[in-house]
Amino acid sequence: MTNTIADIETSEMILVTGSNTTENHPVLSTFVKRAVLKGKKLYVIDPRKVKLADHADRWLRPAPGTDIAWINGLMHIIIKEGLHNKDFIEKRTENFEALKKTVEAYTPEYVENITGIKAKDLIEVAREFAKASVASILYCMGITQHTCGTNNVKSLANLSMLCGHLGKPGGGVNPLRGQNNVQGACDMGGLPNVFTAYQPVTSDDTRNKLEKIWNTEDMSKTPGLAVTEMIQKAYEGDIKSLFVIGENPMVSDPDLNHARKAIANLDFLVVQDIFQTETSRMADVVLPTFCFAEKDGTFTNTERRVQRVRKAVDAPGEARQDWEIICGIAKRMGYDMSYENSREIFKEIATVTPSYGGITWERIEGKGIFWPCPSKTHEGTPILHTTRFTRGKGLFHAIEHTPPDELPDEDYPYILTTGRVLYHYHTGTMTMKTNGLNMLSPECFVEISSTDAGKIGLDTGSMVDISSRRGKISAKLKISSKAMEGTIFIPFHFAKAAANKLTNAKLDPIAKIPEYKVCAIKIEPAKV
Amino acid sequence: MESNIITINENELTFEPGETILEIAKRNKIDIPTLCHLKNTIPTTACKICAVEVRGENDLVESCATKAKQDMIILTESSKVIQARRKSISKFLASGNHNCAVREFDTADWTSFQLDVLKSDGKEDLCPVWGDCELQNLAYRYQVKTKGMPLNGCKYETERANPFIIRDFSRCILCGRCVKACREIQVNNAIEFGYSGKDMKIIAKQDAALKDSDCVFCGECLQACPVGALVPDKIFRDERFKDTKKVRTTCSFCGVGCQMDLFIQDNKIVKVDGADTDLPPNNASLCVKGRFGYEFVSSRERLTKPLIRKDGNLVEASWDEALNLVAKKFMAVKEESGPDSIGVFTSARITNEDNYIAQKFTRAVLKTNNIDHCARL
């Protein structure tokens, strides 16, 4: 997030898109709902009528995979009505003319044709967003999990810059990160192209610096493969061995039947986890590790706040800490990697990670610190881009709408979109161990509009077979006011009816994110 | 010129315009008790417990709803205040099933009292929050005598149909904190006051069980309840006198990073509460997963020993055996097919320290950049 969570309540207008906030970020959603209680405007733009829409001034429903079109549409209206922030554009950005030229074609009527959003509603949102003294954009995987995910995000950044809603309290472009430490995993260089703090692996200076500190040589200067690409390369036989730590790709990856073949094709699979998972059952070696309540360390939350994790209980049996296990392997491979404890590791992190340079465990004992925090005397940075953007001036990207990779046709007439439910978390390895949560959400379901259910002639509770070009699952139908005609939602938590057997593994070319939010399916009464 | 100063119990204190007497007192660690007030919500003045004396005014004023004025002189524990507080506490103790104020009962009375209590709640133990009840604390603090106080029956059955939360209406004092928590803090709008007069009750939907209502089991109400009306269905209440350790940590589900307190007994999490109301990012709020989804930690299904595949099956092995095998295999694959034929999936679930070590290992030891995690999934 460019801004903080508490900041949301101070915004004048909140635009939430591609986020089922009340289910996926429940506590964060309370800040949005309280802002509404205080009289702030809320607009929800989402293909599903998510619960947050009940709190909104208006809910706009775009067809899945048409986000660039409506965002360009908003910008078209704002520029046409002269509501853009000329001062901010002049002083803080560049390439405005190119953007202006591109969005010229996106008239409200043209956008209505692509997205289904009524022209008058789009005009209302455009005016509210531009006229608000400050407006915040919140988005989540509904924006990113598309073949045009990167362009969707850039479009939202365009919109915010156009109105000068960046770099101040109550504004910003705010991605809601879905996993406890997904921010930290990225910050720490758990990515194929960067070291810690996003220092590129292609930089000779950085590599040389780290080789000295790490006492090693000949580190690779070629960016590596993303998760989704590694699976494909395993399928093709180029990746021979995988070391999977705390992940369950056999439920979370797209096109699972393909992923299964890929993993089965490995020469050697190591899985490090707290439970047996669908993935670990395929492993050659399984290593038992600690869960959060057994660890000392840090997580970095969605607002870039680095916070302490504290050991509360002893781990079961012979389980060991993640870092300790990895150090044990390194040592046996002839590389001395030993630490007294995780605090010592954090000290090393601070020395090689400029944005964490001033952070110590002592300093984050109370409220945590927002990175970047480059020095011991720096207070941290709750709001990004206050005086300049990372690259200097904010760059407008002129982006055209591109349709999803797979759209419905005669054979597969419905759009499938996937996500989570409130009561479970990701592949369910943790939440499905709590009876009360299983009671509240016992099994997979197929969320459908009453119109579509009528067409198929089935009611809530009927078993249906859902198939795509890649696979088939069976689950119970659930008629819901959240679903719109033509679009089906299935949660991906449940291994027994894994929605990811259906999903499309086609990736965004830059972010390598799969298009989980749109693929074509058909529904039939289950064959007994 | 105004300098924004008031005096509370002879202490001169500065205040911000708009601050209430209660807020100023809290900030200065002066304890004014209240049973209905919930921080960050609109005061209801329902319980009257926080009423204080303001010099020059005949009636006591509710400190939760009275804004400070220049040169106000306030007494929070004057005899007038105490007298009023005792009256309010008596009223609450008499309003329902509060079998905790045992002091003033003689043996005969106590037995019949207990029998009546058992009859009404069907349980053979004390109130589940005995020792952790704000009303009980106040009864002792102000020495409220309950002798002769009739035990008020409750026409509403205890609701045990829900996961996580038990609702015992016989112990509800209708302070309204749970409604505030639900409607003004979490804004889930699941519960409200229902019926009127003697029949008044906190209801969900048209008086349904929580599980059949709009309730999403965030448990904010449970945390707000000052008495034993809302209690967790977990064993904690039965073992509350055991040694309990409290550890503050960060939630491990979504990316919001809620601060929470884990209550530990015998190496097991028995309860989770949101941390302080003024501690970001969550200001003591939690969701259903964070508050109740902790059973996995002590699950019997946890992996406890390394496993190695032998003859097609995963069998237990020693750490040495497992780590030697992994190291040997990685070296062999690296040797035969090159470093880029190995890939590492690190995790958005583990700590920064763990992630740092995973990428350092991948780059410095395996010599590849094939490292990624499930950020995209």
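I looked up how helix 12 (residues 227-236) and helix 14 (residues 256-264) of chain A pack in this predicted model. Their axes lie 7 Å apart at an angle of about 60°. Axes are lines fitted to C-alpha atoms, for helices over the stretch in contact, and angles run from 0 to 180 degrees between N-to-C directions. Helices (H or I, at least four residues) and strands (E, at least two) are DSSP runs, numbered from the N terminus. Because of that angle, helix 12 of chain A is oblique to helix 14 of chain A (under 35 degrees is roughly parallel, over 145 roughly antiparallel, 65 to 115 roughly perpendicular, the rest oblique).

I then noted the residues in contact (C-beta atoms, placed from the backbone, within 7 Å). Helix 12 of chain A contributes Ile231(A), Gln232(A), Ala234(A) and Tyr235(A), and helix 14 of chain A contributes His258(A), Ala259(A), Lys261(A), Ala262(A) and Ile263(A).

Next I turned to the two chains. I found 121 residues of chain A in contact with 99 residues of chain B. Helix 15 (residues 322-332) of chain A gives the largest share of chain A's side, eight residues.

Finally I checked strand pairing (at least two DSSP bridges between the strands). Strand 9 (residues 285-288) of chain A runs antiparallel to strand 13 (residues 307-310) of chain B, and two bridges join them. Val286(A) has Leu307(B) as its bridge partner in strand 13 of chain B.

I record that residues are numbered from 1 along each chain as its sequence is written, and chains are lettered from A and ligands numbered from 1 in the order written. In this predicted model, local features need pLDDT of at least 70, side-chain atom pairs count only at pLDDT 80 or more, and totals for chains, interfaces and linings use all residues.

Terms used: Two residues are in contact if their C-beta atoms, placed from the backbone, lie within 7 Å.
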